[in-house]
Every structure is written in structure tokens, then in C-alpha cells.
Amino acid sequence: MIEGIAVLKLRDVLLVTMPADPDDSTVSALQSRTLDAMEQHDVKGLILDLSKVEILDSYFARTVAETAKMVTLMGGETLIAGMRPSVAITATELNVTLGATRTVLTLDRALDLAGNISRKKSVQKTRSAL
Amino acid sequence: MAKEGVGTAEAQTDKQGKLRAESDLDMLRILVDSIMEYAIIMLDTKGNMVSWSPAAERLKGYSAAEVVGKHFSIFSLPEDAASGKTDAELKTAVREGRFEDEGWRVRKDGSKFWANVVITALLDTDGTFKGFGMVTRDLSQRKEAEERIKGQAKEILEMATVIVQVWDGIILVPLIGMLDSERTQQLMERLLQRLTETNSPVALIDITGVPTIDTQTAQHLIETIKAVRYIGSEVVLTGVRPAIAQTLVHLGIDLSGATTRSSLTAGLRVAFEIINIHVAHESAQGAAVGK
Amino acid sequence: MSEPEQGTVPIVLEADIAVARRVVRDVAGKIGFGVTETTRIITAASELGRNVFKYAGQGVMHWRTLHKGTSSGVELSFEDHGPGIADLDAAMRDGFSTGGSLGMGLPGAKRLMDEMDIQTTPGEGTTVVVRKWRHR
């Protein structure tokens, strides 16, 4: 069974959807695809959709934290949407950290927030241009 | 019973005694056979079966022919027989006169039943050890009732942790009592479920009903706050009164994952602010699109 | 239904960690664990399987179903002939988050399961056994 990640660019936000139980190569694809996208396009944020994810082990968590750090260094923000209760509880017990990320309940909310991030940044751009 | 001349009277009472003894034995036999609630059987000094009863057959499924001479450990769980538990039971009966136990026993068809078993060491009138008497009582019904009560206790525990939606987007948990591991697990599961189902950005946890904060309860609270934040909601912790605040500081507990307030009212105000921010965002979006 | 079942999953490639997870999911399903308990078991298996791959290069996961009275459960045993754990106390200490540093995730796995036993000999290998019982 081939589980891939779905990567979508919506304006200047990258939306990555993770499958239910990604193997290690799929998890590392999250990082490589994100970095590729940020290099090729003007991406201001990463939205990680975890609503399908059933297992989040330490490797997955570490990859997310690393990727978020890279995004931050490049001037962007990372939002995590839709984590399932069972995954949240296990992540707490496993004592992992997801690093420089912000969590939101739904993809909807993530898109709202991402819209605000881009608006804020474009306002700043306009201001500085004056 | 009238006493007569020594010689013949004794001979007579002796004979009568023997007859009585025999008829006593018959009576005992009839009594044992008629008791259906208790399976009464006799074992020899090594624990092999020497007698059987209709109740024993009914309870354990074996006929008399199938068990006579066999060791009583065939009625125990295989792991108990293998570990030497059945031998220990006999030893206890010899040492203390009696052994009593409650546990699983096995029928002929392999099915299990919960039983009360009493093994008594039987001594002759001159003190010779003759064997054992074993009385087994089927407690399946009582076990079922206990399981039912346990289930009800669990339900009561669940009911004790109330989770209420007080507003669109605000879930309130008025905690009463302390938080142990089991209660915390239940709380986390139910709270997170409700938050995701209702899409509520705020979990308002009120600890006014928590008498004191010990390290354990504080740890459990921290876990709960972490888990709520992972799913994308925020925690407003209320009821942090002076005594609690003091304990938290003294124990070095960091509740910075949540917004804390001393009263529920103050907490509600914070909760509404958070909700309104969400509402403001959505309407701003709407306004932007409308342009 | 009360028949004890068992099996083995070799851990040789990185992809085998995911295989182990899938097998554990099936077994947990057979026992009838709920969603959260199943997630805990699979996550613990992933951590311990990863340890085998990361530190020993290869090893094996044995699994078996447990039955005791009316309770059922699962036992997972991770065995390798790797370097062993030199300082078991340090490995079991929860001083750092597994997200940041290269910890072994043992304390986390222990928290997720009901029982954990570790046998390790530096230079010879390690066996980690974990068990979880189904609570009704």
C-alpha cells in the first residue's frame, strides 16, 4: 500500500496532508517537499493537516519539529490542524514536542489564520514600500 | 435410651451403635447427595478423588466413573496445577486443618466458573489423617453481580466528571475531587472528544471543587492542558484561589500552557475574548471577500 | 477466542517498523482494545521497533496474545543482538523530549504500556518486553 503525502500550494501557503500511518520515507518526504516548495515559490506558511493521522511516533514528531524550525528560519509559520484526540493523548504521554508550531482545530481555521498571516505580511510590504 | 445390665446392654448398645453408625452414614450419604448447591467430594491423602456426588457432576460435568482415582487438580486452571498451587492447597489443609479459596475452576468442557472451595483435612477418631473433604460452591452469579457493580461504579466515575457545553465554542469541566491516573485518562478522552466534535476552541476547566493540588493532580492537569493544545484548543483554568496558587508556586509547577484565573467568572470573560477573536477573524474574511 | 496467538516480525529494513505497526494494529484489534489504547500500543511498538533498527541494525519483534481469567492482553518482545544499553538508568530517565534529542524513547514506551521488562547486556544485545491489558 503506497501512502503518499498530498502537497498543495494555495496562494502563498503550502498545505501538506499526511496519510493515516506514514512509513519513515513518507514522513521524511514531508520535510523534503516542504523545503523544495519554499525554495521554488514564495511560501509564507506551512499548514500540516494531520486529520487522517492515527499514529504519531517520535520520528514523526521530530520531523515535524525540524521542518517547522526550517520554516521559521525562512520567515514563515507552521500551523498544525486536526490532530485526533487519541494521537494528542499519546503524544502527551510520549512527551514529544512539535516545536515552533501552532495548533488549530480544523483546516478551515488554519486557512483563515494563514490568510491573515499573508495579509499582515503584504501590509508590511506595502508600508515599507511607501 | 434406657440403660440395662452391663454385659448385654453394652453388647446391645454396641450393636445398636454400629447400626446407628451405619444408618448415620446412610443418612449422611442421602444428605450429601441431595444438596445441589454444594459439590461435596472426598479425596484420599494424595488428593485423588474417592467419592463423587450428583451436585459435583452437575457443577463440574464429569460423571463418577470419569473422575474416580483422578487428582482433584483437574478442576483447577492448568497454570495453577502446573505452578504447584493445588499441592500447596492440600499442604495448607493438612497444616491448618482447613484451606479456603475463591477463584476460577474448570469444568469438563473447558468452561470456567468462579468458585468458593473449602478443603478440610479429615482425621480419624484416633487422629490418623485419612484424606480430605472438598466442598465447592458455584459463585458465578455473585461474580456476575460484582462485575455489574464494577461497571456501574465506572459509570458513576464517568458521571462524576461532568463536561458541559456552556456556549458555542466553550466546553466547561467543573472538576470535583482529585485526579488520579484513571480519572485523568477518562477526562482527557472525553474532553478532547467533545472539543473536536463541537469544534470548540476553549476548554474551561474549573478547579474550585478540587480541595488541594498535589504533585500528582498538577501533573495530570498539565497533561490534560498539553493534550487540549495539541488538538488545537486552549485551556482556561479557573478556581485558582490563593491557597492553590501558593501550592503551585511552592511545588514549582508550570501551568503556562493555560490561561489561569481565580474565579469562574473571570475565566468566562477570557473564554469569550478567545471566542470573539475567532468570530472577528471569520467576519473579517467575509468583509474582505465582500469588497 | 481464548486461543493464544503469536507471531514474529523481523526488523531489518527501516520500512519494517511500519510493518510491525500494522501487525500490532491487527493484534490489538483482535483483543478488542479501544482507539486510544490501540494508539498507545502501536506507538510504543513503533518506538521500540525503531530502537532495534537504530541501535542494533536489525532484530525481531515477537508478539503474543495474553489471557488471564477474564482479562485479555498483548505482549510484545523486541530482541536484538546489538550493542546493548550501557547505562539503563540514564536511558530510563526522562530528562529530554524525544522530539528534540536522540533519546531511546524508553520512558515514553513505558508510560504507554502497562508493564515493561528490559534485559540488556552491553556487547551482546537487548530484549524489551512490554504488555498491555484490556481494561473493561
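The model is a predicted one, in which local features need pLDDT of at least 70, side-chain atom pairs count only at pLDDT 80 or more, and totals for chains, interfaces and linings use all residues. Residues are numbered from 1 along each chain as its sequence is written, while chains are lettered from A and ligands numbered from 1 in the order in which they are written.

Let me start with helix α1 of chain A, residues 24-40. Helices (H or I, at least four residues) and strands (E, at least two) are DSSP runs, numbered from the N terminus. The expected span of a helix is 1.5 Å times one less than its number of residues, so the 17 residues of α1(A) should span 24 Å; the end C-alpha atoms are 25 Å apart, which agrees.

Which residues of α1(A) are buried? They are A:D24, A:V27, A:L30, A:T34 and A:M38. Here, buried requires 20 or more other C-beta atoms within 10 Å of the residue's own, exposed 12 or fewer, and partly exposed lies in between, with C-beta atoms placed from the backbone. As a general point, an α-helix has 3.6 residues a turn, so residues three or four places apart point the same way. The cover over the buried residues of α1(A) includes β2 (13-17), β3 (45-49) and α2 (58-73) of chain A, together with α1 (15-31) of chain C.

Next, the packing of α1(A) on α2(A). Their axes are 10 Å apart and meet at an angle of about 5°, which makes α1(A) roughly parallel to α2(A). The axes are lines fitted to C-alpha atoms, for helices over the stretch in contact, with angles from 0 to 180 degrees between N-to-C directions; angles under 35 degrees count as roughly parallel, over 145 as roughly antiparallel, 65 to 115 as roughly perpendicular and the rest as oblique. Contact here requires C-beta atoms, placed from the backbone, within 7 Å.

Turning to chain C, 23 of its residues are in contact with 22 residues of chain A. On the chain C side, α1, α2 (35-56) and α4 (106-112) each give two or more residues, and α2(C) supplies the largest share, nine residues. Chain C itself has four helices and five strands, running β-α-α-β-β-α-α-β-β from the N terminus on. Of its 136 residues, 41% count as buried.

Chain B has ten helices and nine strands, and buried residues make up 28% of its 291 residues. An automatic or database domain assignment provides the domain bounds: domain 1 of chain B covers 11-144 and domain 2 covers 161-286. The centres of these two domains, taken over C-alpha atoms, are separated by 59 Å.

Finally, two residues of chain A deserve a look at their backbone. A:R11, in the loop between β1 (6-10) and β2 of chain A, has a positive phi of about 55° although it is not a glycine. A:N95, in the loop between α3 (85-94) and β5 (102-104) of chain A, has a phi near 60°, again positive in a residue other than glycine. Are these residues buried or partly exposed? A:R11 is partly exposed, with 14 other C-beta atoms within 10 Å, whereas A:N95 is buried, with 20.

How values were computed
Contact = placed C-beta atoms within 7 Å.
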